[in-house]
Amino acid sequence: MTTAIAETPTSQAAPHKGMTLRTRKNISNAISYFFLCLVSPLFLAPIAYMIIGSFKPSDEVLNGLGGFLPTNLSLDNYSGVMGRFDSDASGYFWNFYLTSLIVSLVIVIGGLVINSMAAYALARLRWVGRNLVLSIIVLLVILPFEAIAVPLFYLMNGMRNTYYVQFLPFIASAFSIYLFYTFFISIPNEIQESARLDGAKPFRVFISIIVPMSKPVYASVTILTFLAAWSSFLFPVMMIDQPRVRPLPLAIAVFKAQPPTDWGQIFAFGVLLVIPVVLVFLVFQRWFIQSVASSAVKG
Amino acid sequence: MKFRHNMHTRGRSTSILSGVAVVAVAALTLTACGGSSSSSESSAAAGDKASTAASAAASAAASAAPAGEVTKITVWAQEGQEGEVQAAKDEVAAFNAANPNIQAELTLIPQATYGQTLASTYVDALPDVYEFDGETVGALVYAGKVAPLEGLVDQSVFDNELPSLVAEGTVDGKIYSVSQYDSGLALYGNKAMLEAAGITDIPTTVDQAWTAEEFQTVLEKLAKVGKDGKAIDLKEQYAGTWPGYAFTPVVNSAGFPLIKDGKAEGSLNSPEVAAALSQIASWRQYVDPNADDKAFTDKRVGLAWVGHWAYGANKEALGEDLVVIPLPDWGNGTKSGQGSHSWGIGANAANKEAGGKFLDFIMQDQWVDQITKANGAVPANKAVLAASELYGPGGDLELYGQQLALTCGSADPTPECVTVPRTISAAWPVINQKFSDAFWAIYGGGDAQAELDKAAKAIDQDAADNNNYQ
Amino acid sequence: MATNQQVAPAKQRFGYDNTAGFMMSLPALLLLALFVLVPFVMAFVLSMQNVRLDGARPNVWMGLEQYRRILLDPDTSSVFYRSLLNNFIFALIVVPIQTALAVGLAVMVNQKLKGIAIFRTIFFLPVVFPMALVATIWSLIFARDSLGMLNGFLAAVTFGMIGPQDWLGDPKLALLSIAIMSIWAGVGFQMIIVLAGLQGIPQELYEAATLDRANPWQQFWNVTILGLRNTLVFVIIVTTIFSFRLFDQVYIMTRGGPGDSTSTVMYQAVTSAFVENNVGRGAAMTVVFVFVIIAITLLQQRIFRQNREVQ
């Protein structure tokens, strides 16, 4: 925090009057980098541990700090993971991937469309029952999925072993609506009102004015929704038994079956599991952070 | 649902070259299931394809099959240990080759979630034949998910099986499961380390078992030669419901079953049991946490409390120093666990007879031999056990066979019997969970009596809620 | 509720847009009703019965018995209260620390420095890891003897002064360990929200503060934190809700143990239903849980609103 304060324009309050602005700037930058470099390893270490471990023999993964040492590296864990899934009986790795991808994409895309529309209607349109609906949405944000998993299981039992059962319940999301809502509400009302005065219909305003200026919230909802969909576990456990519609997170359970746990293969699976999420993140983070300032999000 | 399912099977099979014959099978089942009247046309077409392909098919099974009489059965098995998975695949392939009229289709489901998947699958969606944890047979019978096997499975199968497994599969006088293997639970010892610690009276048969006091001394001595003052590996990293298997024998050895006459109160929470479990908790200082699963093989500790599955790695690491020792005796004689994976037939299965044939097939000595060679478990068939180099007379693991021959069956454990089937009760999932929770709480320093009281009360309350599982 | 106060000032120069409002919200509301609201109402009904997940027997009506056991029966309620207490402890550790860290990190990455985007990415990266995977990695980091990575690290930086800790096996440390891991995994998300808030604070406010000769510390409190007020309210409420929903980490790393030291309400609810086959009790716990969270959320809003009035 101190670093940030030093960085803000404080020419008069700063104690060292003798220094030039430039020198002070350099010092404060150096301090900033120092802190950033101090903190970053804490965030990276567990991830590095997984990545390095995924190339190491399983019995060398758990070895204190030695877990970081890149010794005896090989692709064995990766070929081991692929090799486990090689028949109709156990399914195929690429097929798990495909299933997860299809399910996640439907959830993300469908979710972006309907949740943002609903959030806009709640944030910027007046209609009968809006406040009631809003209260219910906030209530639903609180509800963890685990709380409704069993009733949902009873409801959807007829759809066992399908893609539908994996995406239908997750497209509409109270949390996504809530995120969109808080963003839309912070967009100055004048922007849409002027368009309305010009005769544009609400939907038109939404599509041509609100959506283009809301990239950050779309990006963050995309990342969070994709992550949640991609890691979906509890419901597929109940609803999926056939390998042809089995998502990735279920398949990883194979490696946790019987000790000794094959940590190397679990980490390799973990790396393969996380790649698409990281890709989605890297693609969307541009909008995610950039343009937040310009779109007038009020604190 | 069946209809949809078969449609998918068919689509996939054509794209993968496992043979046109399978298409016929799938298509015919479509008709057999009666899912749709419109399917007759497609099944006839597929049948034609199958018969033209038949001559070309490498599989003798497919060519011998008159397309009209093929029954398809679905088979579920746990996907865990690689040797078992391979054995399951081999068995299904061999069965299909040997029985042209019945074609089994195997589905593997990850072991870690297998139980949950079974619990959340309604009986109509269950396959014809499926594997499950032997200890859950009571719960499956109560849920109406398994069919009695007598009449479906040949009587000789039961006759050949170890008594421990017949006992485990029997609920209310009917047999609901068969098993290809049983489990063995005892201590593995490192003779060199034990002797270095001055321990020479190493028991190798059930009647020589150390008493709990003697064992306490053994641990104290052994800790002096072990790494970092550790003496034993209790496989605490298995966590979860490991105590339900590994430490129920302690309860039995202290003189009590987990539940007596349907009640845990007065049995599970008796002071003797509390004392025995407290003693185990007091050993925690000697226990290697074993997160790398190598405490014993790296010779950090001289004893390991674990099942037969550790034999391969242990033998490789220790060679002639490896000894198998019965679990300590808390007064009622040494006790041990039994039970492993079992097989049953879905209660509403469309093809129960064919399922029975499948079980007959995999229970043959040949397959029992193959799978137990792959996973190291105790062969379920008496003949295979006797012929086994490991488990037979003079073998390294003879103790396991000895223990399993002395099964307590469904009676309360006496000093004479050794292995106790995990409570063949519909309440087993609850008992297992509550006992395990209590064990870990005690192991973590909780008050043994209080924890067991709590567990007993919860078990009995659950039974009362469910009309005592009548 | 959480947002009504924000709705109110939205000036509406136009009349009611009933058609557009209904139509635009209909798809989401329909799906929410079907797949969230209806199951939740079903959970109410299930909580008053003895229901077995495996459908072994018809459901038996139990009235409020499940609630009595959870809340009143001294023998069976202790686990539930312990779990609820753990939820509170967890929230009390995680919410302040995670929020403070999020502000700190956001302020750091809000600087216009070369390569700052890389650091933003680094701090956010853990968020994109599935919790099941994160928990698996961290259970190795927390392994209890000298083979554990954290123990190895501590031994190295303290030259062996701190001996190996049993992070997940010691009742005093287990919940704290899970909290540390959760903060690691989640702080990046809060950081991004705070970052957005920071960028929305008009630069003129800082300039004005400088003219008023506010020292950096005053500036931080009076401009930054005040400017972030609404963002922080949002962050705190959401973090609190997520803290109370704690489940995955516990399920994978400790199974509620040792003892009940890391058990949470959701963990109890899930194990009741899925392990012990007792859907009714799990549902009853869920219902109680939802009321507790509603109470906390309302309380938080009241507190924040009062604060605002004071200011």
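The model is predicted: local features need pLDDT of at least 70, side-chain atom pairs count only at pLDDT 80 or more, and totals for chains, interfaces and linings use all residues. Residues are numbered from 1 along each chain as its sequence is written, chains are lettered from A and ligands numbered from 1 in the order in which they are written, and side-chain values use heavy atoms, with hydrogens and water left out.

## Chain A

Chain A has 14 helices and two strands. Helices (H or I, at least four residues) and strands (E, at least two) are DSSP runs, numbered from the N terminus. Of the 299 residues in chain A, 60% are buried. Buried means under 20% relative accessible area, exposed means over 50%, and partly exposed lies in between (1.4 Å probe, protein chains only).

The accessible surface of chain A comes to about 11300 Å². Carbon and sulfur atoms hold 70% of that surface. Accessible areas come from the Shrake-Rupley method with a 1.4 Å probe; for residues, only the protein chains shown count as cover.

Contact means heavy atoms within 4.5 Å. Ile136(A) and Ala174(A) are 38 residues apart in sequence, and their C-alpha atoms are 9.0 Å apart. Ile136(A) is partly exposed, at 30% relative accessible area.

The size of an interface is often given as the accessible area lost when the parts come together. Here chain C and chain A bury about 10300 Å² between them. Carbon and sulfur atoms account for 77% of it. Buried area is the accessible area (1.4 Å probe) that two parts lose on being put together, summed over both. The contact takes 111 residues from chain C and 112 residues from chain A.

Eight residue pairs are in polar contact between chain C and chain A (both at pLDDT 80 or more). A polar contact is a pair of N or O atoms within 3.5 Å; within protein, one must be able to donate a hydrogen and the other to accept it, and residues adjacent in sequence count only if both atoms are side-chain atoms.

One salt bridge links chain C and chain A. Asp17(C) pairs there with Arg196(A), with the closest N and O atoms 3.0 Å apart. Helix α2 (residues 18–46) of chain C gives the most to the side of chain C that touches chain A, with 21 residues. That side divides into 75 nonpolar, 26 polar and 10 charged residues. Ala, Val, Leu, Ile, Met, Phe, Trp, Tyr, Cys and Pro count as nonpolar, Asp, Glu, Lys and Arg as charged, and the others, Gly among them, as polar.

## Salt bridges

Side chains of opposite charge can pair when their charged atoms come close. The structure holds 23 salt bridges over all chains. A salt bridge is a side-chain nitrogen of Lys or Arg within 4 Å of a carboxyl oxygen of Asp or Glu. The table lists some of them.

| Pair | Closest N to O distance |
|---|---|
| Asp17(C) and Arg196(A) | 3.0 Å |
| Asp260(C) and Lys454(B) | 3.4 Å |
| Glu320(B) and Lys315(B) | 3.8 Å |

Asp260(C) bonds to Lys454(B) in a salt bridge. Asp260(C) lies in the loop between α12 (248–253) and α13 (265–275) of chain C, and Lys454(B) in helix α21 (residues 448–465) of chain B, so the pair joins two chains. Lys454(B) is partly exposed, at 28%.

Arg68(C) and Glu65(C) share helix α3 (residues 65–71) of chain C, three residues apart, about one turn of the helix. Arg68(C) is partly exposed at 34%, and so is Glu65(C) at 22%. Asp465(B), Glu65(C), Arg68(C), Arg69(C) and Asp73(C) are linked in a network of salt bridges.

In the Glu320(B) and Lys315(B) pair, Glu320(B) is exposed at 69% relative accessibility. Lys315(B) is partly exposed at 23%.

## Backbone angles

Most residues other than glycine have a negative phi. Lys299(B) has a positive phi, near 60°. Lys299(B) lies in the loop between α14 (271–282) and β9 (303–307) of chain B, and is partly exposed at 43%. Tyr469(B) also has a positive phi, about 55°. Tyr469(B) is in the segment after α21 of chain B, and is buried at 12%.
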